[in-house]
Amino acid sequence: MTEPDPLLDTPTAQTAAAPRSATPKTAAAVQYVAFEPTRMRRVVIIVLLLFVGLELAQWAFYTVGSFLFLILLAWLLAIAMEPAIMFFARRGMRRGLATGLVMLVLVVAVLGVMAVFGQLFLTQLSGLVTSLPMSVGTVVDWLNRTFHLAIDPNTIVQQLNLTSSSITGMASTLAGGFLGVLGSLLTAVFDVLTILVFAFYLAADGPRLRRTIGSWLPPDPQRVFVTVWDIALDKTGGFVISKVVLAGLSALAHTGFFWLVNVPYWLPMGLFAGITSQFIPTIGTYIGILVPVLFTVFTQPITAIWIVAFATVYQQIENYLFMPRVSRMTMDVHPAIALASVFIGAAFFGPIGAIIGIPLAAAVLAVVNTYGQRYELVPELSTIEKGEKPGTELPPVDKTADDNE
């Protein structure tokens, strides 16, 4: 009888000698996870409360979101009036009286401009809206003749929602005059009054409001709060004022030139060119002159050339003469950041959001520049603009050691 080999009695040898079709006899132990009932109920309650809180927050935002937006506009108006208010306050005038005087001058100026140009503006805007289908047809006909296309103008008009019914409704609303528009837009009037009232209180009671908020904070956060408040007043307020002044100068210059060369609907065209050139960075100037050029290039080509030439000359005058003097006390915003803030503001709040996006970005950047910490650049980064490739140089070879060996 053959004796058993002791090497085959080991588990490894037995496994190796077993046939391939055999299944393993052992399996991994199953582990069960148990939840403590008390903690499980607590977690479920917390999750439910968070869900309910999120739903309530969304409901509150959609309910009072428009009102919060009006408060934001009032805050921007208040900080825009701050330099003028401080001008009178330093000369001994009470802050409330100075705020009322500045706001009265502002309202009277706006109403005066509306009284002089309001009816003309609405009449020209009504004619502009009425002529949109005809203008689209003119552009499509020129494209068909020039590039031998077969585009249907009626299809383009329907896709742009420029049908006769919609155009007639908009034109009849605009043609009713300034008083007729105010009578039909009571909500807009109420919004304007809300902005003015809250702007007055935010500007007149600014120091008191700052003391009230600071009283709820410890000493160190109070200093941070005061610094952030001052930055918002100085930088953002100056930024808003500079953009408004530059937009007014641009609108005045373009409107006068459009009237001089007999551009159709010269008043709304000039205002559009002036506002877009300042509140839409980088591409705003091109958008502002693109619309009047499109309305004149197919009927008055020489007028379109004059518009482009004037816009080019005025842009140089603004860059080298107006902007350095008006924007002396404000901060610069990178064009990419400014353009992104316009798109984000428009996505959240529409056209007005596109206008206030840059001032809000200016305030955020001012705070970040104040409290952000920057470091000295390493040589690899400091020389990257010179065209040198960082990290390509090899350490010098010590030939003396090789010779000794």
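With a relative accessibility of 10%, T194 counts as buried (buried is under 20% relative accessible area, exposed over 50% and partly exposed in between, using a 1.4 Å probe and protein chains only). The model is a predicted one, in which local features need pLDDT of at least 70 and side-chain atom pairs count only at pLDDT 80 or more, while totals for chains, interfaces and linings use all residues. Residues are numbered from 1 along each chain as its sequence is written, and side-chain values use heavy atoms, with hydrogens and water left out.

T194 sits in helix α8, residues 186–204 (helices are DSSP runs of H or I with at least four residues, strands are runs of E with at least two, and both are numbered from the N terminus). Its side chain reaches back to the backbone oxygen of F190 at 2.8 Å. This is a polar contact, a pair of N or O atoms within 3.5 Å; within protein, one must be able to donate a hydrogen and the other to accept it, and residues adjacent in sequence count only if both atoms are side-chain atoms. Setting aside residues up to four places away in sequence, T194 touches F67 and L70, where contact means heavy atoms within 4.5 Å.

## The chain as a whole

Let's step back for a moment. The protein chain has 17 helices and zero strands. Of its 405 residues, 27% are buried. Among contacts with a separation of 6 or more, 68% join residues 24 or more positions apart. The chain exposes about 28000 Å², with carbon and sulfur atoms supplying 69% of that area (Shrake-Rupley method, 1.4 Å probe; for residues, only the protein chains shown count as cover).

## Helix α3 and its two partners

Helix α2 (residues 37–89) packs on helix α3 (residues 95–130) at an angle of about 115°, with the axes 9 Å apart. Axes here are lines fitted to C-alpha atoms, for helices over the stretch in contact, and angles run from 0 to 180 degrees between N-to-C directions. From α2 come L77, M81, E82, A84, I85, M86 and F88, and from α3 come R95, A98, T99, L101, V102, M103 and L106. By class, that gives eleven nonpolar, one polar and two charged residues (Ala, Val, Leu, Ile, Met, Phe, Trp, Tyr, Cys and Pro count as nonpolar, Asp, Glu, Lys and Arg as charged, and the others, Gly among them, as polar).

Helix α3 also meets α8, the helix that holds T194. These axes come within 9 Å and cross at roughly 145°, again in a right-handed crossing. R95, G96, T99, G100, M103 and V107 of α3 face L196, A199, F200, A203 and A204 of α8. The contact has seven nonpolar, three polar and one charged residues.

## The α10–α11 loop and W266

Most residues other than glycine have a negative phi. In the loop between α10 (219–260) and α11 (266–279), N262 has a positive phi near 65°. Y265, in the loop between α10 and α11, has a positive phi of about 55°. N262 counts as exposed because its relative accessibility is 55%, whereas Y265 is partly exposed at 23%.

Next comes W266, in helix α11. Leaving aside neighbours within four places in sequence, W266 contacts L120, Q124, T255, F258 and W259. W266 and L125 are 141 residues apart in sequence, yet 9.7 Å apart from C-alpha to C-alpha.

Technical notes: Left-handed = near helix turned anticlockwise from the far one by under 90°.
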